[in-house]
There are 2 protein chains.
Amino acid sequence: MSRVYNFSAGPAVLPEEVLQQAADEMLDYQGSGMSVMEMSHRSKVYDSIIKTAEADLRELMNIPDNYKVLFLQGGASQQFAMIPMNLMKNKKAAYIVTGQWAKKAFQEAQIYGEAVKVASSEDETFSYIPDCSDLDIPEDADYVYICENNTIYGTKYRTLPNAKGHILVADVSSCFLSEPVDVSKYGIIYGGVQKNIGPAGVVIVIIREDLITEDTLPGTPTMLKYKTHADAESLYNTPPAYGIYICGKVFQWIKNMGGLEVMKQRNEEKAKILYDFLDESKMFQGTVRKEDRSLMNVPFVTGDKDLDAKFVKEAEAAGFVNLKGHRTVGGMRASIYNAMPREGVEKLVAFMKKFEEEN
Amino acid sequence: MSRVYNFSAGPAVLPEEVLQQAADEMLDYQGSGMSVMEMSHRSKVYDSIIKTAEADLRELMNIPDNYKVLFLQGGASQQFAMIPMNLMKNKKAAYIVTGQWAKKAFQEAQIYGEAVKVASSEDETFSYIPDCSDLDIPEDADYVYICENNTIYGTKYRTLPNAKGHILVADVSSCFLSEPVDVSKYGIIYGGVQKNIGPAGVVIVIIREDLITEDTLPGTPTMLKYKTHADAESLYNTPPAYGIYICGKVFQWIKNMGGLEVMKQRNEEKAKILYDFLDESKMFQGTVRKEDRSLMNVPFVTGDKDLDAKFVKEAEAAGFVNLKGHRTVGGMRASIYNAMPREGVEKLVAFMKKFEEEN
């Protein structure tokens, strides 16, 4: 077995210890005589798995008691509809468009009411986060929506928008558990787990209890009501049980590493190694305004498409994989999530230096 | 490691060979240097996994070219809404209610139009399949809906209803791949995979191409349109990639066993062992009309709640687990899906005989 350094934007690298445990437990989970894949989701042993996962997440993120944690399906894309269907009481919401995923959420919301684009960074290919300190948010907006870390463009909100008393809803798919967060500032904070937490097919929604009501838009499917899942503690129907089990193992791994403060420190150190090199390199340049740089997704270019392609190819041959930029922007992108070891970033930078010298 | 005989109704037993392969490949899938959980769903290696899975399923079920195969999320419960949202052009559909899941589908459809209950077996606790040879189906019904195998009650349609020219939609969650099926008789044939195919979190929808249209009900979320997923070949957003990979391994396993004809023969033999015993036992009785018995889910009772509980407890201690009946019906239920070896059924019957002698 030979593991590569996997810089995929998601699904993405997971901690090797977690995968090893999953392999060891595949045929017999802790003496149960079966795989977690084979367990009734209503069994005592699975109940302990999902309850422990939730408790560990609550501890890691310091989630207040008046928030529910839901393990759902359908990815962020399904939340794009679920959020307005559940929250658009006045049929109006404010969207800040900082990339493709925020834009998709904004477009989906237009099916259900008036989605108002209150800020955007599309004018400069989403390479920055707009000033959100004093936006013109409609008085009757039901919520303000952001995508907090933009996977494709490599930007991150350093300060949250001034929502002016409105409910803040944030997609944190690509920065989930990368640093401490004050959950009480959000009405909903949610994300697909397939970047920083676990296998694709689980979306975690952390939602303030007063936002969970029967009062959804007409025609909302039972499965798309937060209340359905909150009332049933994520067991209304069979959940993506194995994925939740892996998420739970990652929560344990983060706890063992020291929690989110330690994650933040590690992530800042890793990102600094890469950004410092990009700032001094004559061949490679970052594409994002410095103050808005993501700790998780680092896009960069040489300015020459052929050279970009040569780099990606040679990097792959050297064991640094999935460095090709998103198909909509080109260039390169290194996603350096929690599970990417510091060593992986150091070796990548050494490889980039060597490539620069040789080309 | 000691594996039990797992009679869970779902999530349920999987072939040991499949689990062993999954364990072996957990840290490095076939030289890729990563787990399938860590792979970009747009990578070449994952593309081959999902394409091979689809091709194998098409071969096993002999799926005609004018049907699409979709790997989706949200379980059957989400299909209960997705089906009317996509198919109810005339806002009318006919439902045959043969158990809890058909009933839930029927109730959900009422959100979107007129769902007409054209037959039901609720009068006798869903212990039989009604005569569906000449039902009063409204002329303008958009489709006729059935749940083909009723997991909780242990019934199965031996012949499909006479849909009188209407589109037939079938939930086959608990009989998926248990025997050959003529796909061309259905408009949609779908099921959650967590009973006979793979881990919870994947639902497979086989849909005739002419039913995939832009013309969905107003307010249908993008993620709940079949067209969204058909156009993107199940990669509109990140799919439940690891679950699909396990499904693919189970398809391979079934192919290696000889395909669906062989599965049917095995399943009939296994079910006969259990039903023959129930028919001769003085203590245990089956609860279903003989001609409607499921090959997959076998409910039975002693007629004495305390004795039922004693049996379930002693069986568990002997390594026969998850035999307790569904919480809504009580008694016992042995689910004997494809992956349950004949030996497991034989040993269960031997245990039941011994229990009967001793009690």
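# A tour of the chain A and chain B model

Between chain B and chain A, 23 residue pairs are in polar contact, both residues of each pair being at pLDDT 80 or more; a polar contact is a pair of N or O atoms within 3.5 Å, where within protein one must be able to donate a hydrogen and the other to accept it, and residues adjacent in sequence count only if both atoms are side-chain atoms. This is a predicted model, in which local features need pLDDT of at least 70 and side-chain atom pairs count only at pLDDT 80 or more, while totals for chains, interfaces and linings use all residues. Residues are numbered from 1 along each chain as its sequence is written, chains are lettered from A in the order in which they are written, and side-chain values use heavy atoms, with hydrogens and water left out.

**Stop 1: the interface**

Start by selecting the side of chain B that touches chain A. Helices H1 (16-24), H3 (75-87), H4 (100-109) and H6 (241-257) of chain B are the elements that give two or more residues to it (helices are DSSP runs of H or I, at least four residues, and strands are runs of E, at least two, numbered from the N terminus). Color that side by class and you will find 30 nonpolar, 23 polar and eight charged residues; here Ala, Val, Leu, Ile, Met, Phe, Trp, Tyr, Cys and Pro count as nonpolar, Asp, Glu, Lys and Arg as charged, and the others, Gly among them, as polar.

In contact terms (heavy atoms within 4.5 Å), 61 residues of chain B meet 61 residues of chain A. The two chains bury about 4,700 Å² between them, 58% of it on carbon and sulfur atoms; buried area is the accessible area (1.4 Å probe) that two parts lose on being put together, summed over both. Next, pick Leu27(B), Met37(B) and Glu38(B), which supply 16% of the area that chain B buries against chain A, more than any other three residues.

**Stop 2: charges across the interface**

Two salt bridges cross between chain B and chain A, each a side-chain nitrogen of Lys or Arg within 4 Å of a carboxyl oxygen of Asp or Glu. Show Glu38(A) and Arg3(B), whose side chains meet in a salt bridge at 2.7 Å, N to O. Then select Arg3(A), Glu16(A) and Glu38(B), which are linked in a network of salt bridges.

**Stop 3: pairs within chain B**

Over all chains the structure holds 50 salt bridges. Go to helix H2 (residues 44-61) of chain B, where Lys51(B) and Asp47(B) lie four residues apart, about one turn of the helix. Their side chains pair at 3.0 Å, N to O.

Now show Asp292(B) and Arg289(B), another salt bridge at 3.0 Å, N to O.

**Stop 4: the cores**

Finally, turn to the nonpolar cores, sets of buried Ala, Val, Leu, Ile, Met, Phe, Trp, Tyr and Cys residues joined through side-chain atoms within 4.5 Å. The largest has 196 residues, and Ile204, Tyr242 and Phe311 of both chain A and chain B have the most contacts inside it. Apart from it lies another core of 74 residues, among them Ile83(A), Leu72(B), Met85(B) and Tyr112(B).

To finish, center on Phe311(B): leaving aside neighbours within four places in sequence, its contacts include Phe284(B), Phe300(B), Leu323(B) and Met332(B).

Methods
Buried means under 20% relative accessible area, exposed over 50%, partly exposed in between (1.4 Å probe, protein chains only).
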